[in-house]
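Here's a quick walk through one protein model, from its overall make-up to a few individual residues. Have a look at the fold first.

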Amino acid sequence: MAVTAAMVKELRELTGSGMMDCKKALVESDGDIDKAVDWLREKGIMKAQKKSGRIAAEGLVRLAFADDHKSAGIVEINSETDFVAKNQEFVDYVQAVADLALVKGNESMEQFLAEPFEGSTLSEVHTAKVAKIGENLNIRRFARVEEDGVVYAGYVHGGGRIGVIVGIKTEATPEEIEMVGKDVAMQVASMNPKFVDEDGVDPEYLESEKKILTEQVLNEGKKPEMVDRIVAGKIKKELKEVCLVDQPFVKNSDLSVKQYVDSVAKEMGKPMQVVSMVRYEVGEGIEKKEDDFAAEVAAAAQA
């Protein structure tokens, strides 16, 4: 029996399972809705779907690099608890997905989930992990970076709480830039700059900051004719805080990050320029549920 879009939609609404899972279930059951539901239950997919409403704000970030470090991948996968994030099976899984991101990280989420993975697809393996581990897991984001003439280095902080990739335009080898690359990546992890340099500053961000600072200066009672000059000074100061290369280097505050990189390049005799960065921090931007433990225990007791 041919599987139609309407049948997939019906099964999806009935079970809450993903579209691709529903389609496969219908194919496996020759279009029989009831058998398709059973198939989803047998595979643990419906069990996984029931967990999908839980907030997953813990988890891990992992990195992957090509042998020549001319490309790199990064992924964040969330779990519900920090305990699961330390589970070796979960750790290995996140690293395997990062390895996939190294190759396929430019795809959409839908394409990425459909990629062959460990004898199946990433989507199917992920669903099986949710059912086995017993928590909602979420492949939140991933990326792949590659640019001509750029060598990549990285740093993972806190066992995977923060992951950073930095790109350095240079003729130096990965081994030669390993230390400076790690130092710059640690800077990104620690100071969380918004931009690499002033050339990369988002015009919308700049315009928004100018408006905010202008209002602040006017509210301070400064003369209107002085506002533009004062705001320009404040913007210049702020850019030194939010642009990576202008920040004071955390290992030696007498130098900016650019000055540190330039000093290493001069010593090595090969030019280096930091041109890109990617920073993932686990759970950033996710609204976490604040549990009332006493209320939870009371509710359990009543039940």
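A residue is called buried when its relative accessible area is under 20%, exposed when over 50%, and partly exposed in between (1.4 Å probe, protein chains only). As for disulfides, meaning pairs of cysteine sulfur atoms within 2.5 Å, the structure holds zero.

A word on ground rules: this is a predicted model, with local features needing pLDDT of at least 70 and side-chain atom pairs counting only at pLDDT 80 or more, while totals for chains, interfaces and linings use all residues. Numbering starts from 1 along each chain as its sequence is written, and side-chain values use heavy atoms, leaving out hydrogens and water.

**Overall picture**

The protein has 303 residues, and 43% of them are buried. There are 13 helices and ten strands, taken as DSSP runs (H or I, at least four residues, for helices; E, at least two, for strands) and numbered from the N terminus. A contact here means heavy atoms within 4.5 Å. Of the contacts between residues at least 6 apart in sequence, 64% join residues at least 24 apart.

**The cores**

A nonpolar core is a set of buried Ala, Val, Leu, Ile, Met, Phe, Trp, Tyr and Cys residues joined through side-chain atoms within 4.5 Å. The largest one has 25 residues, and Ile177, Val180, Val184, Val261, Met272 and Val274 touch the most other members. Strands E6 (150-157), E7 (162-170) and E10 (272-281) each give two or more residues to this core, as do helices H9 (174-191) and H12 (257-268). H9 puts in the largest share, six residues. Another core, of 24 residues, lies apart from it and includes Val91, Val94, Val97 and Ala101.

Take Val184: setting aside neighbours within four places in sequence, Val184 is in contact with Val166, Leu244, Val257, Val261 and Val274.

**H9 against H12**

How do H9 and H12 pack, and at what angle do their axes cross? The axes come within 11 Å and cross at roughly 175°; they are lines fitted to C-alpha atoms, for helices over the stretch in contact, with angles running from 0 to 180 degrees between N-to-C directions. On the H9 side, Glu176, Met179, Val180, Asp183, Val184 and Gln187 meet Val257, Tyr260, Val261, Val264 and Met268 of H12.

| Residue | Contacts (heavy atoms within 4.5 Å) |
|---|---|
| Met277 | Ile165, Val166, Val188, Pro193, Lys194, Phe195, Val196, Leu244 |
| Ala96 | Phe117, Glu118 |
| Gln247 | Gln187, Met191, Pro193, Lys240, Glu241, Leu255, Ser256, Val257 |

Met277 belongs to strand E10. Met277 and Ile168 are 109 residues apart in sequence, yet 9.2 Å apart in space, C-alpha to C-alpha.

Ala96 is in helix H6 (residues 88-104) and counts as buried at 19% relative accessibility. Ala96 and Leu63 are 33 residues apart in sequence and 9.8 Å apart in space, C-alpha to C-alpha.

Gln247 sits in the loop between helix H11 (224-242) and strand E8 (248-249). With 2% relative accessibility, Gln247 counts as buried.
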